[in-house]
Structures are given as C-alpha cells and as structure tokens.
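Please look through the sequence and the structure below. The paragraphs after them go through a few parts in turn.

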Amino acid sequence: MPKGDGTPGHMAKFIGAQLFGNAPKPTTSFAGQTIIITGSNTGLGFEAAKHVVGLGCAKLIMAVRSIEKGEAAKDSIIKATRCDPKAIEVWAMDLSSYDSVKAFAARADRELERIDVLLENAAVASVEWNWVLDNERMVTVNVVATFLLAFLLLPKLKATASRFRTMPRLTFVTSDTHFLVDFAEKDAPEGIFARLNDEAKSRPTRSERYPTTKLMQVFVVREMAARLLQSQSAGGADNTKPLPPVIINCTNPGLCKSELARELDGLQVRAAKFLLARTAEEGSRNLIAGAVGGVDTHGQYLDMGKVTTPATVVVGRGGAEAQKRLYVELVEKLEKIAPGVVSNL
Ligand SMILES: NC(=O)c1ccc[n+]([C@@H]2O[C@H](COP(=O)([O-])OP(=O)(O)OC[C@H]3O[C@@H](n4cnc5c(N)ncnc54)[C@H](OP(=O)(O)O)[C@@H]3O)[C@@H](O)[C@H]2O)c1
C-alpha cells in the first residue's frame, strides 16, 4: 500500500512537474524592504538571497548557524549582484538552540526598523535518530524552533504592516514529500510529540520523519493563518472581509540540487536527483513566489508558484482535527519555551 498520496498517478504528476514545471523567474521589486532568510548560506536560501538582493531589497539579514559560512556566502552575493555591501548582514541563529532563536529575535526587534519578509528556509533531513533539546532533532529544528522564531517575530511583522501600510510575508519552505506520509502519529493516545519522540516506536518509520516535519509545517501554517484572520475579524466593527496584517504561507521548491541530502545520499536519492532535480536557483524561485504571494496565498500551500491543494491527510477526513491537535500541542511547547509568545498571533 502506498503511503499518503504516493500512488503511481501522483508520482507521474511529480515527475512531470520536475521536468516541465516551475515557478517563473522572479521580477517583483523588493525595493525598500528588509528581508530575513534563514539558512541562506547555501542551497535554496542562498539562491533566494541572491534574488531578493538583485531585486533591490534595502536590507537582507542572512540568519545562519555559521558566521564564517554566512560571510563567505555574503561575499559571493555581493560579487554576483554588485550590490552595496552594507545591504547585507550576517547574523547568527541556530535552530538547535531556543536561546539562539530568542537572541536572534530580540536583536531583530531591537535593531531592525521593519521586517517585510521572514523566509523560514533552514531545515535538516536525515534518517538518523538524534536528540536535540526536548525532541528528536528534525522535530526541534524543522518545527518547534522554526515556529518559535515565527511567533517571536510576529509583533515586528505586524508593526511593519501598520507603520508602513504594507502586508509583510511570513513564508515557510515546506516540501511535496508531505504527500508521501500518513501521519499515523496524529492519533497517538499519548500525544503527537510524545509519539514522535519515542525512539522505539519511531524506528519503523524513520525515513518518514523529514516529510512528516514538512507536513507539520503545512498544518501549522493553515492553523496560524486561520487564527490570525479570526483575531482580525473579532476586532472589526463592520462586515467587510478581514485582511490578514501578515500573509502566512508555505511553498514547495520541488526536488532540487542542494546540500539537503548530505545525511541521506543513498543510490535512490542520487539517481532521482541526477534525473529530475531542479538547480537550487530554479527551486529558489518558489521561495520568492511565497515571499511575494498575495492575500490569496494566506494559509495556503504553493507549488510551482501557485496555490495548490495539499495532501489528502491535510484536507481529507480527519485533517482538520489533526491540524488543531498538532497546533494545540505545539503552542503548549512554545509557551514553555517563551511564556506568552503565542499571544503574539
Ligand atoms: N533540496 C530539495 O530537494 C528540497 C525539496 C523540498 C523542500 N526543500 C526545503 O528547502 C529548504 C532549504 O533546503 P536546501 O535544499 O537548500 O538544503 P541545504 O542546502 O541543506 O540548506 C539548508 C540550510 O539550513 C541550514 N540549517 C540546517 N540546520 C540548521 C540549524 N540548526 N540552524 C540554522 N540553520 C540550519 C543549513 O546551514 P549549514 O550550511 O550550516 O548546515 C543551510 O543553510 C529546506 O526547508 C528544505 O526542507 C528542499
């Protein structure tokens, strides 16, 4: 039995998209904008950084875990785009440390006048079991710390919206691999995170962990976006449809050549990459599509630059319940890490 939507028909569609589809080359100006891209020293984040600088952003903050790698990447971007070197800053941020995420967010709040785009791109993929802080590593890095950063920076994004009369974007880089899992953890009586953090019970589905964390991102984006809109309509006096102060969306770059598979470069992965993968630049166009997405992208999953229906596990039977359950568990965790942070939504 295929897992998730992984039928032959789905796989044929995936191959077609890899070979013949993609988001268009970005052209929208970022003039005057301040943009944060996590994990921008390499891969898709690096290529997205080149795009936003080439399209005139006023300030790019490269949020990286190695300042040395970040500075080398910054030099390459300056060479490639001939931008003003002062337009790019390299700041330390390690998603394996909640203190580091908090320190980064506090600095951004203190030092940045505005944040127009927070592009949450950094992630890890592995089939190994590793423990980081209070969870299995991919759960901590790709989900808990990633959304901690989002919640911590929401006040600045909202303040940018009202001060400059703009609609900042909060974009997460997810993956179409989320179509390939069943997310059995959603029904675990002990709780979703408790099941994900149970090494013995996770052993048979270890290869599903990375796609599962990408699925969790899709769920949380949908729930955050819906709640943000609800809070807007609660405050509204008239009957007009509320607009989100911040557009929250997620985007799929497709299979791309990057360093992501460094911990899982088996023969199958290498063959698929050789035959089907986009270049990192091609994949990064999808990141930019999220970062310029309109109100119609709020809460949505983008593929090839367009709003697309996510996996059946998200939109099918039981999806709404799984989404709420996951969100409630996640915010409980976030409140322990940074009390009060969830009210930022
Ligand atoms: N490549 C694909 O085929 C593909 C497909 C679908 C979705 N995606 C998604 O695209 C995004 C970018 O991936 P990529 O392909 O460009 O991978 P990549 O080349 O491995 O880049 C990942 C970036 O994340 C950073 N990172 C990893 N762990 C971190 C941590 N603990 N704290 C801070 N930064 C950390 C890495 O920093 P270091 O360089 O220091 O390790 C690197 O800058 C990811 O969200 C991934 O899930 C990729």
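Which residues does L153 touch, not counting residues up to four places away in sequence? They are A105, A108, I115 and L118, where contact means that the C-beta atoms, placed from the backbone, lie within 7 Å. The model is predicted, with local features needing pLDDT of at least 70 and side-chain atom pairs counting only at pLDDT 80 or more, while totals for chains, interfaces and linings use all residues. Residues are numbered from 1 along each chain as its sequence is written.

L153 is also among the residues with the most contacts inside the largest nonpolar core, together with L60, M62 and L148. This core has 94 residues. A nonpolar core is a set of buried Ala, Val, Leu, Ile, Met, Phe, Trp, Tyr and Cys residues joined through C-beta atoms within 7 Å; buried means 20 or more other C-beta atoms within 10 Å of the residue's own, exposed 12 or fewer, and partly exposed in between. Helix α5 (residues 137-164) supplies the largest share of the core, 16 residues. Helices (H or I, at least four residues) and strands (E, at least two) are DSSP runs, numbered from the N terminus.

S96 sits in the loop between β3 (88-92) and α4 (98-111). Because 15 other C-beta atoms lie within 10 Å, S96 is partly exposed. Not counting residues up to four places away in sequence, S96 touches V132, T140 and V141. The C-alpha atoms of S96 and L228 are separated by 27 Å, and the two residues are 132 apart along the chain.

How values were computed:
Contact = placed C-beta atoms within 7 Å.
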